[in-house]
Each structure stands twice: as structure tokens, then as C-alpha cells.
Amino acid sequence: MIPQPKGAADIVLDDVAFTYEDMHMLFDVTMKAGGIISVMGASGSGKSTLLNLIAGFERPDSGRVLIGGADVTDMPPSARPVSMVFQENNLFAHLTVEQNVGLGRSPALRLTDADRVEISDALARTGLAGKEKRLPRELSGGERQRVALARVLVRDRPVLLLDEPFASLGPGLREDMVDLVMAVHAERGMTVVFVTHQPEDARRIGGNLLFLEHGRVVAEGKTATFFGKDGPEAFQRYMGTGGASA
């Protein structure tokens, strides 16, 4: 067996079926340990559901979810080796930046001196040094997302899931945040799954891409291939470069 990169875990959705309202989804896909994978598709194609099945916020009707070779299908989200960053960043309004990040080490904020050092390092790494005592309302949108990423750093889980976390940011700031995700990935070697509507984000990240339609992965492979002249037909339709745009 090829050893997995340190700090990473592969993700396998083994014939995972899930029904939402009248939509029947089926995911059968493997994401390699240490990879960075963009997930794209039209609204309602199942992108967020895919992440929620990995994270444990949704349970499959059938099939298995495996992370690092372990079957986590019946595990609650808190027991899975996963961190997740949402578009709304899930910060607590009444807690300071330092405390919000500290939740990644201790949900009760019972922090050791070692924890505080890790938190300080994570804030410095994400450009938030000096803003430890600020509340979320005193931060810009980009800074709030940096807090969410700093919390990921102190959690140090082998899988990082991002559900359109930068959708509300302007193009320049979004590029900065994508670059920060890439730097975190390079530094920690974690497996990163990044849902985005923005082709520029996927192209910038590189790695691999999964393209979803109607609750299925209809194309997967190197991101560069998707954006080439021989990219998958479904993706070309979505982009408006090969037939009718989806």
C-alpha cells in the first residue's frame, strides 16, 4: 500500500445514495489523500449535499462513506476527521477572534498554554495578528473567513471541506483567500475539497475537478483538462463553450 501523505486521508463515497425531495443522488467516487479537488456544477446539482455526506450532516440512504480507510457512515460530524468552512463562516458573534479560533481546540474554551501558542501562530499565519480581541462584527468579510481558516489550522484534521466560502467576496479578495487555501494545503498536506461556482477559483487551485449534474459525478479529472479544448462536454455546456449553456 502506498503511504498516505502526512496529515491527509483519502475519501471514498462507495455507491452512496441520497434522496432530497424528488432528486435521487448517487455518488461513487474516490478522492486521493493529499489532493486538492474542486467541485463544480449548476445550482441544485448536489455539490453541498456531497460535502454534507462526507462531513456527516447528511446520512446516505445506502452505500458507505470512508475516510482514511475507516467507515464513517454512521459517525456523527464531531467524530469525523473533517473540518468544514461554510459561506457564512459560522463564527459566534459574542466571542472574540481568539475565542472563535480557540473553539477549534476546545469547544469549552479550556485552553492550555500550548493551545494558546497554536492559536497565536494560526492567527499570524492567516494575517490576523493584532486582531485577537476583536468581535466578528468589527471585521471585514475577508477577515471573518480568515478566522474560519485559522480555526481549521488549530483543528489540524486530515480533511478540509469548503462550501463556497468566498462567494460573497470581490474578485481580488477572493483570489487572496484562494491563495491562502492553497498555502494551507501545501503546508499541511490535508485533503481539500472545494465547492465553487467560480471557474476562476477552480482554475487557480488546479489539482482535480469533479463536475456534477443532477446528483451524479458526470466528469472528473485534472482541472487543466477541463479548461482545455478537449474538456468534458458537460462542463463545456456549463461554461457556454460547447453547445447550450446550462
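This is a predicted model: local features need pLDDT of at least 70, side-chain atom pairs count only at pLDDT 80 or more; totals for chains, interfaces and linings use all residues.
Which residue in β2 stands opposite Tyr20? Met23 does.

Tyr20 belongs to strand β1, which covers residues 11–20. Strands β1 and β2 run antiparallel, and eight bridges join them. Both are part of an open sheet of four strands. The order is β2-β1-β4-β5, with antiparallel pairing. β2 and β5 stand at the edges. Each of these two has a single partner strand, so one side of each lacks a neighbour in the sheet.

Helix α1 lies across β1, β2 and β4. Its direction makes an angle of about 120 degrees with β1.

The elements named here sit at these positions:

| Element | Residues |
|---|---|
| β1 | 11–20 |
| β2 | 23–31 |
| α1 | 47–55 |
| β4 | 62–67 |
| β5 | 70–71 |

**The whole protein**

The C-alpha atoms fill a box of roughly 55 × 40 × 40 Å along the principal axes. How does the radius of gyration fit with a compact globule? For 246 residues, such a globule would have a value near 18 Å; the protein has 18 Å, so the two agree.

Buried residues account for 49% of the 246. The accessible surface comes to about 11600 Å². Carbon and sulfur atoms hold 50% of that surface.

Contacts also reach along the sequence. Among those between residues at least 6 apart, 66% join residues at least 24 apart.

Technical notes:
Residues are numbered from 1 along each chain as its sequence is written. Side-chain values use heavy atoms; hydrogens and water are left out. Two strands pair if DSSP finds at least two bridges between them. Contact means heavy atoms within 4.5 Å. Axes are lines fitted to C-alpha atoms, for helices over the stretch in contact, and angles run from 0 to 180 degrees between N-to-C directions. The radius of gyration is taken over C-alpha atoms; the globule rule is 2.2 Å times the number of residues to the power 0.38. Buried means under 20% relative accessible area, exposed over 50%, partly exposed in between (1.4 Å probe, protein chains only). Accessible areas come from the Shrake-Rupley method with a 1.4 Å probe; for residues, only the protein chains shown count as cover.
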